[in-house]
Amino acid sequence: MISVDVPEPLGNESYLGPFSLTQIIRIMFYSLPIIILIIYISVFLIILLILPVILVWKKYNNTDLDIFFIKAIIWKILPKRKERSDIIEFINFKTLSRNSLVWEYFDGYMCAIETSGLSLEFMDESSKESIYSQYCSILNSIDFPISIYIYSYKDNYEIKLNNENAYLKRVKEAQEKLLKYYNNKISKKKFIIVLDLKYSENKYKIDLKRASEILNERANLIMNSLESINLRTRRLKFHEYGELYSFIW
């Protein structure tokens, strides 16, 4: 899920000429340090007062330039990767074992299936249409919610050789350079199907045993259906599902 911030307040905005009240307040705020410089340094700096107007008036991707710069700075400063312990604590997973096939989370119970992909570009049109038709039939036959995720990732290779040997050291450096080049060009993909059983689906809260029975039955139905169109599937264990978060952050 992708969320975006709304750059301008929603609702009826008051305008004074071409600028809204919010924009005028921002112009005054940005102008304050410039006015201080004009008073204490030089009156010729008055030309800088045009900068706040430009920042608010100009737009980039339909966003006021000043707001765009602020968001860019915040994005640059904030960490892009979260610690796994923080993620697990936020999601509030509960499980009996790291090898469990079903686990509890804050909104119910869930399990995950990993599936292979299909190289449709190597198929003729008739085969493609057959796959699409079977896939649509599978989706239409399901009477419970599923979530399909596609994770793109790149392998990290590490070559271990005897660095004391000058020839092997050069070979290692050449291979690492080659692998790095192709690794930057090619991304692998993981296809994950998540099944969940929310507390709200039932009139009363079910336990892990009953949830496992329901989710295992649903997972087997999904796996058998996908294997009928030559997709390889397997159930993910709890710790394997947790490792997927390293591909997100």
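Predicted model: local features only at pLDDT ≥ 70, side-chain atom pairs only at ≥ 80, totals over all residues.
Residues are numbered from 1 along each chain as its sequence is written, and side-chain values use heavy atoms, with hydrogens and water left out.

## Confidence and overall architecture

The predictor's confidence in each residue, pLDDT, runs from 0 to 100. Its mean over the protein chain is 78, and 73% of the residues reach 70 or more. Confidence is highest in E9, at 94, and lowest in helix H9 (residues 245-248), at a mean of 55. Over residues 1-11 pLDDT stays under 50, and the model has 10 contacts beyond four places in sequence for that stretch.

The protein chain has 9 helices and 9 strands. These elements are DSSP runs numbered from the N terminus, with helices (H or I) of at least four residues and strands (E) of at least two. Of the 249 residues of the protein chain, 29% count as buried. A contact means heavy atoms within 4.5 Å. Among contacts in the protein chain between residues at least 6 apart in sequence, 67% join residues at least 24 apart.

Accessible areas come from the Shrake-Rupley method with a 1.4 Å probe, and for residues only the protein chains shown count as cover. The accessible surface of the protein chain is about 18,400 Å², and 59% of this surface belongs to carbon and sulfur atoms.

## Salt bridges

A salt bridge is a side-chain nitrogen of Lys or Arg within 4 Å of a carboxyl oxygen of Asp or Glu. The whole structure contains 10 salt bridges, and the table gives some of them.

| Arginine 26 | Aspartate 66 | 2.6 Å |

Glutamate 114 counts as buried because its relative accessibility is 17%, and lysine 190 counts as buried at 18%. Elsewhere, salt bridges that share partners join Arg26, Lys59, Asp64 and Asp66 into one network.

Arginine 26 and aspartate 66 are both buried. Aspartate 64 is also a buried residue, with a relative accessibility of 1%.

## Helix residues and the nonpolar surface

Phenylalanine 68 belongs to helix H3. Beyond residues up to four places away in sequence, phenylalanine 68 touches Tyr60 and Thr63. Its C-alpha atom is separated by 9.5 Å from that of leucine 55, 13 residues away along the chain.

Lysine 128 is placed in helix H5 (residues 125-141) and counts as buried because its relative accessible area is 18%.

Patches are made of residues with over 30% relative accessible area and no salt bridge; like charges are joined within 9 Å, and nonpolar side chains (Val, Leu, Ile, Met, Phe, Trp, Tyr) within 5 Å. Leu32, Ile35, Ile36, Leu37, Ile39, Tyr40 and Ile41 make a nonpolar surface patch of about 750 Å². Isoleucine 35, one of these residues, sits in helix H1 and is partly exposed at 38% relative accessibility.

## Cysteines and a positive phi

A disulfide is a pair of cysteine sulfur atoms within 2.5 Å, and the structure holds 0 of them. Cysteine 111 is buried, with a relative accessible area of 0%, whereas cysteine 136 is partly exposed at 41%.

Most residues other than glycine have a negative phi. Asparagine 230 has a positive phi, near 65°. This asparagine lies in the loop between helix H7 (208-227) and strand E9 (233-235), and asparagine 230 is exposed because its relative accessible area is 66%.

Terms used: Buried < 20%, exposed > 50% of the residue type's maximum accessible area, 1.4 Å probe, protein only.
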